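Trainee: I would like to learn how to read the features of a structure. Can we take one and work through it together?

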Amino acid sequence: MILDDNDLHMYVSWDTYHNKIEELAQEIHDTGWNFNQIVCIAKGGLRIGDTMARIFDVPLAILSAESYGGTGVKDEQGGITFSRDLAKTTPNLGSRVLLVDDLADSGVTLEKTLEWLEHYYGFYMEEVRTAVIWSKAVSKFKPYYAVDYLKGSPWIHQPFEKYEKMLVEEL
């Protein structure tokens, strides 16, 4: 990870990104908590959820959410839109759910996702814990698990970010 001179931007390589996912898995494992379902928030938590589901050998459910895109500025948070339902391969949601995303920025996405899960799947769930790679000090929501707590609020440039502006013709 590289922070710029003003700590306003943090640049993450693929190697660092994958290492952080593994650190998160180890942190969760070390607590001894046994969960039977992962729900990831797509798009940011999709790669993390996929990797965690493979490492822990539990089912993965995906909730699509869009939270950035307020007034056309990429780093401004607008309203949150959720998919109509979870994409999952099991008939029911597990009772002990690990909710994963890439980061807790403002905390609004994680907070609203927990409300959404409780509203639609609360009957099935006994316990939900949240996990992210990065948690910013400015976040009003504190995840249960996080690899890095960031004192500031840098914009995190993740390695897949280049695809957000790339056209298929540019490949």
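Trainee: How many salt bridges does a search of the whole structure find?

Mentor: Some ground rules come before the count. This is a predicted model, where local features need pLDDT of at least 70, side-chain atom pairs count only at pLDDT 80 or more, and totals for chains, interfaces and linings use all residues. Residues are numbered from 1 along each chain as its sequence is written, and side-chain values use heavy atoms, with hydrogens and water left out. Now the idea: side chains of opposite charge can pair when their charged atoms come close. The criterion is a side-chain nitrogen of Lys or Arg within 4 Å of a carboxyl oxygen of Asp or Glu. The search finds seven salt bridges.

Trainee: Which parts does the pair of Asp148 and Lys20 tie together?

Mentor: Their side chains meet at 2.8 Å, N to O. Asp148 is in strand S9 (residues 145-150) and Lys20 is in helix H1, so the bridge ties together parts 128 residues apart in sequence. Helices (H or I, at least four residues) and strands (E, at least two) are DSSP runs, numbered from the N terminus.

Trainee: Are Asp148 and Lys20 buried or exposed?

Mentor: Buried means under 20% relative accessible area, exposed over 50%, and partly exposed in between (1.4 Å probe, protein chains only). Asp148 is buried at 16%. Lys20 is buried at 9%.

Trainee: Which residues of helix H2 are buried?

Mentor: In H2 (residues 46-56), they are Ile48, Gly49, Met52 and Ala53. They cover an arc of only 130° around the axis, so they are on the same side of H2. That arc is taken from the directions between the helix axis and the C-beta atoms. After H2 comes Asp57, with a positive phi near 55°.

Trainee: How many aromatic pairs does the structure hold?

Mentor: Start with the rule. Rings of Phe, Tyr and Trp (its six-membered ring) pair if their centres lie within 6.5 Å; planes under 30 degrees apart are stacked, over 60 edge-to-face, and the rest tilted. The structure holds 11 such pairs. In one of them, Phe82 and Trp116 have ring centres 6.1 Å apart and planes at 35°, so the pair is tilted. Phe82 lies in strand S5 (residues 77-82) and Trp116 in helix H3 (residues 108-121), so this pair ties together parts 34 residues apart in sequence. Phe82 is partly exposed, at 22%, while Trp116 is buried, at 9%.

Trainee: Which residues do ring pairs link into a cluster?

Mentor: The cluster consists of Phe82, Trp116, Tyr120, Tyr121, Phe123 and Tyr124.

Trainee: Where does Arg47 lie?

Mentor: Arg47 lies over the face of Phe160, 4.1 Å from the ring centre. The test asks for NZ of Lys or CZ of Arg within 6 Å of the ring centre and within 35 degrees of the ring normal.
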